[in-house]
Amino acid sequence: MRFMQGNRHAVRWATVAVALAVCGTAAHAQQPSAAALSSAKEIIQVSGATALFNPLIAGVVEQAKLLLLQQNPSLNKELTEIANKIRTDLAPRFDELNSEVARLYATHFTEQELKDVLAFYKSPSGKKLVAEQPLVVDASLKFAQNWANGLSDDVVAKMRAELKKRGHAL
C-alpha cells in the first residue's frame, strides 16, 4: 500500500511538473509551424515514444480502480466493468497527449533539427536504436538494481564494522 501511495504522489508531482513546464514553454515559445508539428508527430511515432505513453490511460484508470477497491473490495466486478468502459471511452484522448508532446518537440527544436532527427530515426542506425534501446534500458536497470543492492550490502557492512569499533553491536 505504501508503494502505491508513493506512486500516486509521484504521478501527481510529475503531472504538476509537466503542466508547469508546458505552461512555461507555451508562454515563452512561438507557435510552431505545421511542418514542424508534422515532423514532430512522425518522430514520436518512429522513435517508439508512443509505446511509452500507451499505458498511461490504462494506468490512471487502474489506479483509480484500486483506490476504490481499497475502500470497498466487494465492488471488484463492478469496478472492473466500469474501468474497462472508461478505458475505451478515454482512448481518443490519447491523441491529446501525442499532439502536446509533438508541440513540445516543435517548440524546442527548429524545423531543420526535427527533419534531421527524423532522418536519423529512419536510418538503419536509428531503427536499430529503436529496436535495441528497450533491451539496453532493461539490462541497464537490472544491472543498476543489482549494483545498488551490492553497494547497500557493502555500506551496511561498513556501518556495522564502524559501530562495532565504537562498542555497538547490531
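This note goes through the predicted model point by point, from confidence to fold, core, salt bridges and surface.

1. **Ground rules.** Residues are numbered from 1 along each chain as its sequence is written. This is a predicted model: local features need pLDDT of at least 70, side-chain atom pairs count only at pLDDT 80 or more, totals for chains, interfaces and linings use all residues, and side-chain values use heavy atoms, with hydrogens and water left out.

2. **Confidence.** pLDDT is the predictor's confidence in each residue, from 0 to 100. The protein chain has a mean pLDDT of 86. Of its residues, 83% reach 70 or more. Among the elements, helix H7 (residues 111-122) has the highest mean, 97. Helix H1 (residues 2-28) has the lowest, 45.

3. Over residues 1-14 the pLDDT is below 50. Beyond near neighbours in sequence, this stretch has seven contacts in the model (contact means heavy atoms within 4.5 Å). Residues 16-28 also stay under 50. For residues 16-28 the model has seven contacts beyond four places in sequence.

4. **Fold.** The protein chain has eight helices and zero strands. Both are DSSP runs, numbered from the N terminus: helices are H or I with at least four residues, strands are E with at least two. Read from the N terminus, the order is α-α-α-α-α-α-α-α. Of the contacts with a separation of 6 or more, 78% are between residues 24 or more positions apart.

5. **Burial and surface.** The protein chain has 170 residues, and 16% of them count as buried. Buried means under 20% relative accessible area, exposed means over 50%, and partly exposed lies in between (1.4 Å probe, protein chains only). The chain exposes about 12500 Å². Carbon and sulfur atoms supply 63% of that area. Areas come from the Shrake-Rupley method with a 1.4 Å probe; for residues, only the protein chains shown count as cover.

6. **The core.** The largest nonpolar core holds 13 residues. Such a core is a set of buried Ala, Val, Leu, Ile, Met, Phe, Trp, Tyr and Cys residues joined through side-chain atoms within 4.5 Å. Ala40, Ile43, Ile44, Phe53, Ala106 and Leu114 touch the most other members. Helix H2 (34-46), helix H3 (49-53), helix H6 (94-108) and H7 each supply at least two residues of this core. Take Ala40: leaving out residues up to four places away in sequence, Ala40 touches Ala102, Tyr105, Ala106 and Leu114. In soluble globular proteins, nonpolar side chains tend to be buried together.

7. **Leu79.** This residue sits in helix H5 (residues 76-90). Leu79 is buried, at 11% relative accessible area. Neighbours within four places aside, Leu79 is in contact with Lys65, Leu68 and Leu69. Glu62 is 17 residues from Leu79 in sequence, and their C-alpha atoms are 9.5 Å apart.

8. Glu42 is partly exposed at 31% relative accessibility. Lys122 is partly exposed too, at 42%.

9. Arg103 pairs with Glu100, and their closest N and O atoms are 2.7 Å apart. The two are three residues apart in helix H6, so about one helical turn separates them. Arg103 is buried, at 15%. Glu100 is partly exposed, at 26%.

10. Glu162 forms a salt bridge with Lys165, with closest N and O atoms 3.8 Å apart. Both lie in helix H8, three residues apart, about one turn of the helix. Salt bridges that share partners join Glu162, Lys165 and Arg166 into one network. Glu162 is partly exposed at 34%, and Lys165 is exposed at 67%.

11. **A nonpolar patch.** Phe143, Trp147, Leu151, Val155 and Met159 make a nonpolar surface patch of about 550 Å². Patches use residues with over 30% relative accessible area and no salt bridge; like charges are joined within 9 Å, nonpolar side chains (Val, Leu, Ile, Met, Phe, Trp, Tyr) within 5 Å. Trp147 lies in helix H8 (residues 124-165). Trp147 counts as exposed, with 53% relative accessibility.

Terms used
A salt bridge is a side-chain nitrogen of Lys or Arg within 4 Å of a carboxyl oxygen of Asp or Glu.
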